[in-house]
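Try each task before you read its solution.

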Amino acid sequence: MTAQTLTEAFAAQVKSGPDRPAVTSTDEEVTYRDLDARSDALSARLRQANVRPGDVVALSTQRGVDMIVALLAVLKSGAAYLPIDPSVPRTRLDQLVERSGAVLILTDGRSAAGSGPEVMLIDAGSVDPIATPADTVPATADSLAYIIYTSGTTGEPKGVRVTHRNVLALLAQMETVVDITDSDVWTVFHSLAFDFSVWEIWGALTHGCRLVVVEDDVARSPSAFISLLRNERVSVLNQTPSAFLPLMRADAVDPAGLPDLRLVILGGERVSLPTLADWLRRHGDEHPRMINMYGVTECTVFSSYRPLTKRDLSRPTVSPIGAPLPGNEFLVLDANGRPVGDDEEGELFVLGPTLSAGYVGGTDESADRFAPLDAAGGRRAYRTGDLVLRRPDGDHLYIGRNDRQLKVRGYRVDPNEIERHLSMLEQVGAAVVTARDYGDGDVRLVAHLVPPPGQAADADWQARITAEARATLARALPASLCPSVYEALDALPLTVSGKADLTALAAGEPPTPPPSTSPPDDTPVARITEIWERLLNVKKIDVDDDFFDLGGTSLTVTKMFDEVRKTFGYPIDIQVLMDGFTIAVLSKAVEAAGVESYDDERSSRKAVEP
């Protein structure tokens, strides 16, 4: 790839295949020519709004064609984009905009617009036929392409600054690992605020591929997602392991299969080989190929790769992350900065062209994480905080963290940021956040709360503080940082050194499900309520409470829906919850399915009557 910027790489695809389809969504499909023209028009509007090279433009929008138009337009103006998930609270959006120094907020009109800088709608407004202003210069390889904020060890979010050169280096590295052609079809599944989306979007658009937008309701329904992949003939699929698990289950009972799928890229979190056993046995490891990627936002999405094969199923259940991508280098060092031997555990340091430009305004933290390394001859390296083990064959195995950072459903979570907000609550004496595995890769954040001195951690206190904590965090943090479970403790378990015993908290048995508070009847509402209370470990659920507000996750909702189907025996689809993930909506769907099933059975009896 000879381009110096992402926009140059995209322009090359427009020139080579202007009429190829570029992006497909539920209600429209645009070609590379159309996408180029629409992003040119929006870029002109941005320049008219005094957006200049080097500026930062915040982007808060739902997934769709307009989202891709906006990304291109921002880069064509010479600015960098700041992706903000449209579901984040208003206070969080304002915080990220202020910290990044964004000069403008682009939105689709359906997402939060925030306050402060000017707000511009992506598809509104007229454009004067003007050229790029003379006082601006085009972006260069070292211009910022985007800033993505991650959870921070200091309790505050950290903005990672990534250049065009970094992203193009990643794309060039990936070309040596996977074959990509302009006939490939990719999905846009992940949030822009999750850096997996960088590979999804730019990997496709810089190779002339077609992008298929996955709407939220489809992403939450494994059966609908399977149908989308098959109908759109998707050939390249990118998933976190936790998101891939329900898809595997749906695929196992879908007789039509996915004949066009040739490549599955896993990344974003630890992979467990046993969970992939059924997929690999049914599909083999050639079509589709399955590759596990390791990386961090500070090193531009991916740093290493590891093809997964059926032979791996007989190996230990540790997560293999493979060898560095070509051009990258791994150093595994002990606590004294010395290289460890083969089969010895150490901290991973990454070197290579994908190391980002550091953090926004974080001079001290950038110097701590991005620093010249003696073991690398003074070259700049990134200290990951990940503990790995290098095998004699060059493979690397992921062991865990040397700090408290967690990965939950692909998102980086630093408990310090959550604990800071919880500790500010008047009725909380101490707060610790851990991650607990509820089985089948269903990892949930758990907040362990202790009341102030003199206050008992009784049921009344737990009910009050859980409601207050949920509401407080929902106003301040994105959903990925909001705990699913709240546990009341009279005191935290301590280590011999007097510190909170995090291992005991995280590895402890999940709390015993509370007894059902449902009325003693057999109505759909009562039976669904019992299922929700048991899976979510929550008492007194109202029929209008949102499943995800109660701590549900994508994996939990799949389990819940499987149980509802088995309980009632009706072939209902998760898309019935498009009007809301509540007991009220689901019970109505169950009742409707029961009526339909009864009518079908009665019609069948009449058809065979003499």
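Among contacts (heavy atoms within 4.5 Å) in the protein chain between residues at least 6 apart in sequence, 66% join residues at least 24 apart. Before going on, note that this is a predicted model, where local features need pLDDT of at least 70, side-chain atom pairs count only at pLDDT 80 or more, and totals for chains, interfaces and linings use all residues. Residues are numbered from 1 along each chain as its sequence is written, and side-chain values use heavy atoms, with hydrogens and water left out.

**Exercise 1.** Find out how many helices and strands the protein chain has, and what share of its residues is buried.

*Solution.* Step one: count DSSP runs, taking helices as H or I with at least four residues and strands as E with at least two, numbered from the N terminus. That gives 17 helices and 26 strands. Step two: apply the burial cut-offs, with buried under 20% relative accessible area, exposed over 50% and partly exposed in between (1.4 Å probe, protein chains only). Buried residues make up 54% of the 610 residues.

**Exercise 2.** Work out the strand order of the open sheet that holds S24, S25 and S26, then see which helices pack on it.

*Solution.* Step one: two strands pair if DSSP finds at least two bridges between them. S24 and S25 are antiparallel, with eight bridges, and Ala 435 has Leu 445 in S25 as its bridge partner. Strands S25 (residues 443-450) and S26 (residues 485-488) run parallel, joined by four bridges; here His 448 sits opposite Glu 487 in S26. From S25 the chain reaches S26 through helix H13 (residues 459-476), a right-handed β-α-β crossover (with the strands pointing away from the viewer, the path from the first strand over the helix to the second runs clockwise).

The order is S24-S25-S26, with mixed pairing. S24 (430-437) and S26 are the edge strands, each pairing on one side only. From one strand to the next, the twist averages 25°.

Helix H12 (residues 415-423) touches S24, S25 and S26, and its direction makes about 140° with that of S24. H13 touches S25 and S26, at about 145° to the direction of S26.

**Exercise 3.** Is His 421 buried or exposed, and which residues is it in contact with beyond its neighbours within four places in sequence?

*Solution.* Next, its relative accessibility is 15%, so His 421 counts as buried. Last, leaving those neighbours aside, His 421 is in contact with Leu 473, Ala 476 and Leu 477.

Key. Axes fitted to C-alpha atoms, helices over the stretch in contact; angles between N-to-C directions.
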